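Visitor: I have a model open and would like to learn how to read it. Could you walk me through a few features?

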Amino acid sequence: MNQNKLKIIETIDKMQNELLTLSHQIHDHPELGFQEHQAVGFIRTFLEGHGFEVETPYCGLDTSFKAVKKGKHAGPRIAFLAEYDALRGIGHGCGHNIIATCAVGAFSGLAALMDNYDGEISIIGTPAEEGGAGKVILLERGGFHDTDYALMMNPSGGGSNLVGRGGRAATTIRVVFHGKAAHSSAPSNGINALSAAIHVFNQIDLMRPTFQIQDNINGVILEGGTAANVIPALVRCEFNLRAETMIRIEFLIDLVKSSIERAESLTGAKAEVVVEPIYAERYPNKPMCEAFKNNMESLGIHMTWPTPGKLYGSSDIGNVSIKIPAIHDYLSITDDKTIQSHSKAYADAAASPQADEICLKGAKGLAMTALDILEDSKFRDEINAYHDAQVPERYHEK
């Protein structure tokens, strides 16, 4: 391991108590997407305490931020991406307190060396990953125009440390059915909004045998009425769609919309439909993934490549990976294979001693990988060539 990587490790070790305090502060104050004011405040306090200027709001998003450390001259521009939103009703069941802390630690650890290098590093706070597509909004508003490479990590479980894992395209459809309330003794006097919603669910279930392997539509009724003896006049639903590509997601969106229209026609209820921005499929940059894997193994964590064809989740990092080379690799915070992400048990694990260890090692691995990019122009050429060849031509045209 070269001396500058050892300096990164030393720098992060010196601030380990502050970093772990940050992780637990975010964990203990879970906030939903676009409401992460406390989390941004905790991160801002840390960064400003270490002499960095923090721009927030960033790109017009109140809970986004950016801090930059410039090197000697112009050169590669590398961003560490932070997430810090929680899950409704669960808290940090995806461990975003760890993602944020790793990004802060990586940025701070590498910043101490930037006077020796050309280029610049930044940390960008990306809100609302769990729903709201914060990175997509930032992309649309130019938040990544001055970034050449993006690095982040994500917690995993069951002792599985995955490098180069992809992700499916996804979106969320929110539906409100408006009917007419009536006494249940005379249902013909009303319009049953709940019947309309149930009809949409039934149509989707009937069509599941026609879905492709990577397709998935999962729905919940958030509000379904107030009393059994009242015909419901208003019902709120939410559907999460996943597919192999954005093109396929667009097909599934049309399928759900058609189901809603048929439910309207049959019941007389009227629907308000909101489709969130699409999370793109992910294109992990293999050369960057290999570098991260090697750096994590030098820190004592062995990483493996994912099982081909396995069904994985989604993230708005996919949209970033289309535009610039990016990594989003997985480090396990629990060896217990029964603990699944997006659960209360996983939220508890996100504040465990093992999670604390990953906060520090993940920060070191990200910073060391960014250092590899800064130091080696041939490596950058390899990264860029892989990205250009990997991302489909249809995205190059946009």
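Guide: We'll go through a sheet, some salt bridges and a helix pair.

Guide: Some ground rules first: this is a predicted model, where local features need pLDDT of at least 70, side-chain atom pairs count only at pLDDT 80 or more, and totals for chains, interfaces and linings use all residues. Residues are numbered from 1 along each chain as its sequence is written, and side-chain values use heavy atoms, with hydrogens and water left out.

Visitor: Let's start with the sheet. What is the order of its strands?

Guide: Helices (H or I, at least four residues) and strands (E, at least two) are DSSP runs, numbered from the N terminus, and two strands pair if DSSP finds at least two bridges between them. Here you have an open sheet of 4 strands, ordered β8-β10-β6-β11, and the pairing is antiparallel. β8 (216–223) and β11 (270–275) sit at the edges with a single partner strand each, so one side of each has no neighbour in the sheet. From one strand to the next, the twist averages 20°.

Visitor: How many bridges join β8 and β10?

Guide: β8 pairs with β10 (residues 234–243) in the antiparallel sense over 7 bridges. To find your place, look for glycine 219, whose bridge partner in β10 is phenylalanine 239.

Visitor: Which strands does helix α6 touch?

Guide: Contact means heavy atoms within 4.5 Å. For directions, axes are lines fitted to C-alpha atoms, for helices over the stretch in contact, and angles run from 0 to 180 degrees between N-to-C directions. Helix α6 (residues 193–207) packs on the sheet and touches β6 (169–178), β8 and β10, with its direction at about 15° to that of β10. Helix α7 (residues 246–267) packs on the sheet too, touching β6, β8, β10 and β11, and its direction makes about 15° with that of β6.

Visitor: Now the charges. How many salt bridges are there?

Guide: The rule is a side-chain nitrogen of Lys or Arg within 4 Å of a carboxyl oxygen of Asp or Glu. That gives a count of 19 salt bridges. Take aspartate 372 with lysine 5, where the closest N and O atoms are 2.8 Å apart.

Visitor: Is aspartate 372 buried or exposed?

Guide: Buried means under 20% relative accessible area, exposed over 50%, and partly exposed in between (1.4 Å probe, protein chains only). Aspartate 372 has 16%, so it is buried, and lysine 5 is buried at 10%.

Visitor: What does arginine 174 pair with?

Guide: Arginine 174 forms a salt bridge with glutamate 276, the closest N and O atoms being 2.4 Å apart. Arginine 174 is in strand β6 and glutamate 276 in the loop between β11 and α8 (286–298), so the pair ties together parts 102 residues apart in sequence. Arginine 174 is partly exposed at 29%, while glutamate 276 is buried at 13%. A network of salt bridges links Arg88, Arg174, Glu238 and Glu276.

Visitor: Back to α1 and α11: at what angle do they cross?

Guide: Their axes come within 10 Å and cross at roughly 145°. Residues meeting there include Ile8 and Ile12 from α1, and Leu360 and Met368 from α11. For sorting them, Ala, Val, Leu, Ile, Met, Phe, Trp, Tyr, Cys and Pro count as nonpolar, Asp, Glu, Lys and Arg as charged, and the others, Gly among them, as polar. The residues of this contact divide into 8 nonpolar, 1 polar and 5 charged.
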